[in-house]
Number of protein chains: 2
Amino acid sequence: MARWLVILAGGRGERFWPLSRMMHPKQFLSLVGSESMLRTTRERLKPLIDDAHTWVVTGRDYVGKVRENLPLMPTSQILGEPVGRNTAPSIAWAAFEIFALDPEAVITVLPSDHMIRRTDEFRRLVRMAIEQAETHGGFYTFGIVPSHPETGYGYIEQDGEGVSPAIQRVARFVEKPPLEQAEAMVASGGYYWNSGMFVFPAQEFLQAVKVHLPEVYQGLELIQQDPSRLDAVFPRFPQVSVDHGIFEKAHPMYVLPADIGWDDVGTFAALARLLPRNDEKNAARGHAVFVDSENVTAISEGPVVSFIGVKDLVVVATRDAVLILPPERAQDVRQVVQALKEGRHEHLL
Amino acid sequence: MARWLVILAGGRGERFWPLSRMMHPKQFLSLVGSESMLRTTRERLKPLIDDAHTWVVTGRDYVGKVRENLPLMPTSQILGEPVGRNTAPSIAWAAFEIFALDPEAVITVLPSDHMIRRTDEFRRLVRMAIEQAETHGGFYTFGIVPSHPETGYGYIEQDGEGVSPAIQRVARFVEKPPLEQAEAMVASGGYYWNSGMFVFPAQEFLQAVKVHLPEVYQGLELIQQDPSRLDAVFPRFPQVSVDHGIFEKAHPMYVLPADIGWDDVGTFAALARLLPRNDEKNAARGHAVFVDSENVTAISEGPVVSFIGVKDLVVVATRDAVLILPPERAQDVRQVVQALKEGRHEHLL
């Protein structure tokens with residue numbers, strides 16, 4: 001019985017255009033700190049799980065990028081999907097591969113593009129979940145203690161019964177809520193943000209896949225028997241998240257409340273919140289000049305960005321693209337990406 | 001007796017950073033239309049004055065640029081100043097050179113960085129001024145009929161007497177006025193914007209230089225006797241504009257009211273006003289994407305500039321510098337240039 005790590009690195013990250021590009025999505029960016037988010041994610045659990053037990057699922061076009069980012073990992077453990085089919089097929093594929101090597105495997109699944117400030121506490125919780133899964137089985141997730149009524153995340157409700165205060169039973173998953181519902185959930189306590197991080201025994205998980213997503217299970221059997229079938233089989237999988245396809249239905253499902261300084265750094269507004277600010281509340285990554293400006297964020301990959309008399313704005317600059325928006329519009333970057341697609345300017349994406 | 005043209009092309013144009021750079025100031029930019037402002041200025045009077053009778057005064061570092069822009073001009077007629085000493089020494093130097101070739105010369109002086117939409121009307125007025133100067137002597141300028149109480153320009157007051165309604169006597173020059181005074185002048189009529197364009201016989205002008213700026217006159221005599229003295233003599237000239245140093249004192253001084261679609265394109269705000277706008281009042285030079293944005297101007301030398309939910313902003317983008325400001329701060333671009341100088345980022349200037 002060994003501990004295995006699966007990192008999901010297939011995101012396309014259009015919300016970070018023009019920093020992210022089709023061939024250089026968010027998980028490969030150094031949004032926070034000096035290393036890529038993928039590498040930081042992997043390093044975070046290095047004391048718990050070694051490279052030989054680490055797998056990455058990504059898009060086929062990104063396999064080379066993953067190798068660059070994680071040069072010490074066995075390259076056979078980087079799974080390149082021919083097309084993206086959301087997280088359930090990704091995790092199921094990795095679980096199949098791992099289970100074939102180690103039927104007793106306990107797997108930890110991490111997205112590759114989140115920030116976690118309190119690494120020690122995070123490792124403590126992961127270790128606790130792994131040990132619990134090893135001894136008692138079951139499915140575990142980490143519930144972020146919500147700091148505000150965020151409408152951009154899914155929530156997890158605990159049901160009050162559990163192994164201990166640290167390991168609560170999950171009552172239900174709640175999809176991204178409207179603001180009123182988010183406020184009520186945060187006020188009530190007992191709700192956590194769904195971090196998309198999971199721990200489970202491979203065997204139990206695959207059993208759940210067999211029951212709840214049988215076409216995925218059968219397809220993965222085919223692929224395992226004959227890997228050349230990947231391109232024929234994988235694209236036929238349904239687009240389904242592991243939350244919706246498996247964990248909403250799997251039992252027993254537990255949540256570990258996690259106060260770990262988590263941030264999904266989901267938009268430029270989130271990134272802006274993480275940057276240190278000067279007395280006028282201006283922040284810069286890269287070279288910026290602020291004249292009579294306030295609450296302005298400059299994120300530059302090269303060009304010097306200068307402001308005169310500007311307020312409440314985020315500016316992202318690269319050598320071939322500049323994006324300007326107030327932080328509250330950070331969710332809408334895809335509208336620009338869409339306009340560039342329609343205008344046949346894919347070379348900029 | 002011949003007609004000569006002197007184009008002043010020595011400006012440094014920091015107000016157009018980052019489009020303009022130390023080595024590429026405004027007169028060499030294609031701010032309006034597809035050709036440089038210098039070349040457009042020269043082409044405008046081509047039907048009146050040929051290349052053999054055209055001179056350009058510029059900074060020594062820009063002589064090569066002027067040759068690139070005006071390849072058909074005799075290169076000996078590009079005067080490169082070792083340092084800038086404002087317009088009086090520039091024009092006086094050119095007048096000295098021209099007078100030596102043609103003591104009967106009538107000279108037309110034009111700044112190289114203004115826009116004139118009504119070229120035919122402009123040429124008609126220049127021809128009128130030249131003919132008047134040829135037959136009666138005197139100093140002539142073109143007074144722009146003011147469209148609003150601009151505080152960024154000097155004004156010229158007519159005194160009601162003149163050769164004809166089209167050629168008025170100048171009562172006085174008014175320096176850049178405060179707003180109240182500008183409003184009163186525009187309301188009263190009889191005041192014009194000082195366009196910095198002049199027509200005069202070389203001989204009369206040099207006589208005025210001898211009287212009003214004797215140290216310039218004597219210095220230019222020295223330079224003409226021995227051109228190797230240029231570097232020793234020219235830097236000692238006073239910094240003085242031709243308006244202040246000569247024309248405020250020269251007689252008889254005339255103004256030709258000129259309704260010629262003139263714009264000095266002095267700032268990014270002025271440039272923004274000249275660009276065509278879409279239904280949301282957005283304008284672009286270069287590639288821009290507007291999402292839910294209004295009254296926004298993008299001026300790009302390359303990068304695509306995208307806006308989401310932005311209002312009343314001007315953005316200027318090059319590959320190595322981006323500038324963001326509301327139009328009413330366009331006068332303050334120098335503050336950024338100054339900050340970059342102080343931060344030792346001269347390579348960006």
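## A residue to start with

Which residue follows α11(B), and is its phi positive or negative? Take a look at B:Arg344: this residue comes after the helix, and its phi is positive, near 60°. Please keep in mind as you browse that this is a predicted model.

## Helix α11 of chain B

Now step back into the helix itself, which spans residues 333–342 of chain B. Four of the names to look for here are B:Val333, B:Val336, B:Val337 and B:Leu340, and each of them is buried. Viewed down the axis of α11(B), the buried residues fall within an arc of 100°, so they line one face of the helix.

What lies over these residues? The cover comes from both chains: it includes β13 (288–291) and β15 (304–308) of chain A, along with β17 (321–325) of chain B.

## Where the chains meet

The contact draws 30 residues from chain A and 29 residues from chain B. On the side of chain A that touches chain B, at least two residues come from each of β13, β15, β16 (311–317), β17 (321–325) and α11 (333–342) of chain A.

β17(A) runs parallel to strand β15 (residues 304–308) of chain B, and the pairing has 4 bridges.

## How the copies are related

Chain A can be superposed on chain B by a rotation of 179° with 0.0 Å of shift along the axis, giving an RMSD of 0.1 Å. That is the relation of a two-fold axis. To locate the axis from chain A, go to A:Arg319: its C-alpha is the nearest in that chain, 2.4 Å from the axis.

## Helix α1 of chain A

Finally, a visit to another helix, α1 (residues 37–44) of chain A. This helix is mostly covered, with 6 of its 8 residues buried. The buried residues are A:Met37, A:Leu38, A:Arg39, A:Thr40, A:Thr41 and A:Arg42.

Their cover includes elements of chain A: the strands β1 (3–9), β2 (54–59) and β4 (106–111), and the helix α2 (63–69).

Notes
Residues numbered from 1 in each chain as written. Chains lettered and ligands numbered in written order. Predicted model: local features only at pLDDT ≥ 70, side-chain atom pairs only at ≥ 80, totals over all residues. Buried ≥ 20, exposed ≤ 12 C-beta atoms within 10 Å, placed from the backbone. Arc of directions from axis to C-beta. Contact = placed C-beta atoms within 7 Å. Pairing = 2+ DSSP bridges. Least-squares fit on C-alpha atoms with pLDDT ≥ 70 in both.
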